[in-house]
Amino acid sequence: CRKSRRVTMATFETRLKRAKELSAKGEDKWMEAEAELRQLTIGDKAPAAGGKVSASRSAEIAKAREEAALTLADLYAARGSAEKLTALLEDLRPLFAVVPKAKTAKIVRAIIDAVSRIPGTTALQLQLCREQAAWAREEKRTFLRQRIETRLASLLFATKDYQGALALIGTLLSEVKRLDDKLLLVDIHLLESRVHHALRNLPKSKAALTAARTAANAIYVPPATQAEIDCQSGTLHAEEKDYKTAYSYLYEAFEQSVDETKAGSVLKHMLLMKVMAGAAEDVQNIVATKGVNYAGDAGVKAMVEIAAAYQARSIQQYQRCLSKHAEELSGDSVASVHLASLGEKMLEGSILRQIEPYSSIEVSHLAGELSLDESLVEAKISKMILDGVVHGTLSGGLLILYDDPQIDESYKAAIETFETLGHVVDTLMKRSTKIVSL
């Protein structure tokens, strides 16, 4: 019996090893590898010795089948076969009935992750998550369903269905709080914070982040999750224009990031915070010391160019950089907000530099010097006049500049005198009221 078990498991492991070797050989062997892995995962039945299967043997077979299923999912993901991955989840239902629920959850989530690695499958991922969540509900697999629905909420957020994401998050929070699953609660609150931030509801976003931090303080949090919390904290501090604190949080997130793609994005935002804080000269030094491995990242390159344009005070160079790296800059929901503010600041600085030697200048000439649209420049000058940044007036396309007004300090002293007299009168009124009441 024992000898039969050892031979059977050895054969199983040998076949699995051979299938992995075939999958690594490329195009001409992948179909053979697929057939072998499917046979190991779905086709083979658990062999019995004397009609009985021991618990340890069943566990070994289940583990081997789990490994075969995950290998097959990786093979399909590498081939871009999203439809076959979807079908695989259906084919594995009989296996899910006999393996432990924790292993089922691991396999289902791994297959959904494999689908996400295939470009252009967002709609399929949404459909897959909904189907698997419904199946998990029917099978009363609460642990798996809640994690799939959390993944579904993140996909709804990615597709900008913010109301749908918030509705699902609200339902999940009420369930998970009853179960006191702190780690899942951290993920849900963090996602809620991101959704509210996307809706520009900053008070609710900060409240959700605080709730995530509170839950995280009660348990051990993986470094990747802690990095996400710090990254979101940095994002919200940046919204309050506290760029130094935002940089500190993003630096902590960068240090803990394990995903290279996410680390590159965090580094890009770190560099942006330096530029927004007026310390663009530090950007090159940060890239040279902390971001050596990410110097070739498109987002990091774009931010280095933005820093150079800021140092040169060149709005033309800034505009060229935005056009050249539109995907990395304008396509980034966090960076685009701050870059718009930076663009306004740089345009204002460029206009002030150009008009400095003149007492009057045509707006058309100024727009030509800046290589910008005349209406845009005129609108900006009007705003600067109203804000008191420029002392002058616009008349028939001509900007007439005045000398900086000399503020007479006597006016300020007179206002302070009147305020003091007002306090004296109020005090006398209160005293007289008390005397009359006596």
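**Salt bridges and a helix pair**

Modeller: Arg137, Arg145, Glu149 and Glu175 are linked in a network of salt bridges. This is a predicted model, where local features need pLDDT of at least 70, side-chain atom pairs count only at pLDDT 80 or more, and totals for chains, interfaces and linings use all residues. Residues are numbered from 1 along each chain as its sequence is written, and side-chain values use heavy atoms, with hydrogens and water left out.

Colleague: What makes Arg200 and Glu239 a salt bridge?

Modeller: The term needs a side-chain nitrogen of Lys or Arg within 4 Å of a carboxyl oxygen of Asp or Glu. Arg200 and Glu239 meet at 2.7 Å, N to O, so the pair qualifies. How many are there in the whole structure? A search finds 21 salt bridges.

Colleague: Where do Arg200 and Glu239 sit in the chain?

Modeller: Arg200 is in the loop between helix H10 (182–198) and helix H11 (202–217), and Glu239 is in helix H12 (residues 223–239). They are 39 residues apart.

Colleague: Why is Glu239 called buried?

Modeller: Buried means under 20% relative accessible area, exposed over 50%, partly exposed in between (1.4 Å probe, protein chains only). Glu239 has 15%, so it is buried. Arg200 has 44%, so it is partly exposed.

Colleague: What makes Lys324 exposed?

Modeller: Its relative accessible area is 59%, so Lys324 counts as exposed. Lys324 forms a salt bridge with Glu305, the closest N and O atoms being 3.3 Å apart. Glu305 has 26%, so it is partly exposed.

Colleague: How do you know that Lys206 and Glu240 form a salt bridge?

Modeller: Their closest N and O atoms are 2.6 Å apart. Lys206 lies in helix H11, and Glu240 in the loop between H12 and helix H13 (243–256). Helices are DSSP runs (H or I, at least four residues), numbered from the N terminus.

Colleague: Why are H8 and H9 called roughly antiparallel?

Modeller: Helix H8 (residues 142–158) and helix H9 (residues 162–179) pack at about 155°, with axes 9 Å apart. Axes are lines fitted to C-alpha atoms over the stretch in contact, and angles run from 0 to 180 degrees between N-to-C directions. Angles under 35 degrees count as roughly parallel, over 145 as roughly antiparallel, 65 to 115 as roughly perpendicular and the rest as oblique. Therefore H8 is roughly antiparallel to H9.

Colleague: Which residues make the contact?

Modeller: Contact means heavy atoms within 4.5 Å. Among them are Arg145, Glu149 and Leu152 of H8, and Leu168, Leu172 and Glu175 of H9.

Definitions and conventions: Helices (H or I, at least four residues) and strands (E, at least two) are DSSP runs, numbered from the N terminus.
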